[in-house]
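Subject: Handover of a structure and the findings on it

Dear colleague,

Please find below the structure that I am passing to you, together with its sequence. My findings follow directly after it.

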Amino acid sequence: MMTQNHSNFKRLTTETAITLAKKLGLINSAARLNCKEIGDGNLNYVFHITETDTNKGIIIKQAVPYAKVLGESWPLTLKRAAIEANALIHFRSYCPEFVPQVYYSDERLAITIMEDLSHLKIVRSGLIDGDSFPLLSQHIGEYVAKTAFYTSDYHLEPSVKKEVARHFTNPELCKITEVFIFTDPFFEELPGDFEVELTDAANKIWNDQEVILEVAKLKQSFETEQEALLHGDLHTGSIFASETETKVIDPEFAFYGPVGFDLGQYTANLLFQAVTRDRAGKEEIFTHLHEFWYAFEETYTGLWEGQNKSPFRHVKGYLPYLLTKFKKDAFGFAGCELIRRTIGLSHVADLNVLQDKETKITAKTTTLKLGASLIKKREELDVPAVIELVKQQTLTSYSPL
Ligand code: SR1
Ligand code: MG
């Protein structure tokens, strides 16, 4: 593992965060200021500084040399802060409408200072609260299409792409995904985190050799394919939105990987909502799924036709081959995400907010079954078939909330 000297690293406090923002001239020094630590993620501290009178603000994010959620026993490079700042700058150059602006970054202190998005809401919380985000999935479909196309060999000259990929080599954050998404949840003897009532459902996964083989293939794809620069952690907690605006944050897991991984993370995190909602609520999520995939494919196709530099761009069947590959990969990755958020590390509030124990266990049993189906059947699935699976596995098996 790469080791890093953290001797110059100092954790910010609300006071030193304000001092830094003043020193950099990013806030009005004469104003009355308020600063709160608001980080609720697994890896970082986040300070929100606002001018009390105008409510104008900035965000200061600081990585610490270990994973907050795993404790100091899981050391993590501070380089991830620089990867995140660079990824934001990179992605914003391709789709400024969906990515916050970075004002300043300091690799030594692992700090990124960026646009305040507090007028928006984290999508996971919004969906749980029943808020509607009518443009969200169209926006995320466009975002994934643009970042996937513009960072690929179809747009960048291949040697340039390899150079960019070198800057985004991110072994320690990839390891988190390799361990917690692609390994631990699939072996009984490895660490897990789940209710005892889920033991039978978990056993079915551990003993299903077809699931285990397909997960091995998906893990290999994650580790070896360098199709595009990915966000790497595109769940609904990494997205801020309102009815009209969408911003993708937190790309510290960015690396060159298979495009289906970002597509699959977003799909899976919509599926948690599809599983837990009542009939009408499910329909709203199914609309999101359709809009997301439609926007992705339409935007990617437009970029392919208008800006593809590959000599193979006009070869009949090449684009459909690629879009189909992305989709099958995505459903497989989505299946892994559904399973790890249910019996592995880092559960999701979508399931954990369910108060009634039986309802919660039924929903979690469903996400496990749905995850296994997506992994095994990904070659034959399309979006309507995924929606059909959700309907079959939820509307018949328990009374919706
Ligand atoms: C140790 S970090 C756990 C999870 O949080 C992040 O958001 C990623 O999803 C990671 O797997
Ligand atoms: Mg995150």
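The C-alpha centres of domain 1 and domain 2 are 26 Å apart. In this predicted model, the protein chain is divided so that domain 1 covers residues 14–115 and domain 2 covers residues 121–393. To the contact between them, domain 1 contributes 26 residues and domain 2 contributes 33 residues.

About 2500 Å² is buried between domain 1 and domain 2, and carbon and sulfur atoms give 69% of that area.

Six residue pairs are in polar contact between domain 1 and domain 2, counting pairs with both residues at pLDDT 80 or more. The rule finds three salt bridges across this interface. Separately, I would point you to the salt bridge in which the side chains of Lys61 and Asp250 meet, with an N to O distance of 2.4 Å.

I turn now to the ligand. The shell around ligand 1 draws on both parts of the chain, with at least three residues from each of domain 1 and domain 2. Among the residues that surround ligand 1 are Asn42, Leu43, Val69, Leu70, Ile176, Phe253 and Arg340. By type, the shell residues divide into six nonpolar, three polar and three charged.

Asp233 places a polar side-chain atom 2.6 Å from an oxygen atom of ligand 1. For Arg341, the distance from an N or O atom of the side chain to an oxygen atom of the ligand is 3.2 Å. For His235, a polar side-chain atom lies 3.4 Å from an oxygen atom of ligand 1. Of the 310 Å² that ligand 1 exposes when taken alone, the protein buries 94%.

Yours sincerely,
A colleague

Terms used
Residues are numbered from 1 along each chain as its sequence is written. Chains are lettered from A and ligands numbered from 1 in the order in which they are written. This is a predicted model: local features need pLDDT of at least 70, side-chain atom pairs count only at pLDDT 80 or more; totals for chains, interfaces and linings use all residues. Side-chain values use heavy atoms; hydrogens and water are left out. A residue is near a molecule or strand if one of its heavy atoms lies within 4 Å of it. A polar contact is a pair of N or O atoms within 3.5 Å; within protein, one must be able to donate a hydrogen and the other to accept it, and residues adjacent in sequence count only if both atoms are side-chain atoms. Accessible areas come from the Shrake-Rupley method with a 1.4 Å probe; for residues, only the protein chains shown count as cover. Ala, Val, Leu, Ile, Met, Phe, Trp, Tyr, Cys and Pro count as nonpolar, Asp, Glu, Lys and Arg as charged, and the others, Gly among them, as polar. Domain bounds come from an automatic or database domain assignment. Contact means heavy atoms within 4.5 Å. Buried area is the accessible area (1.4 Å probe) that two parts lose on being put together, summed over both. A salt bridge is a side-chain nitrogen of Lys or Arg within 4 Å of a carboxyl oxygen of Asp or Glu.
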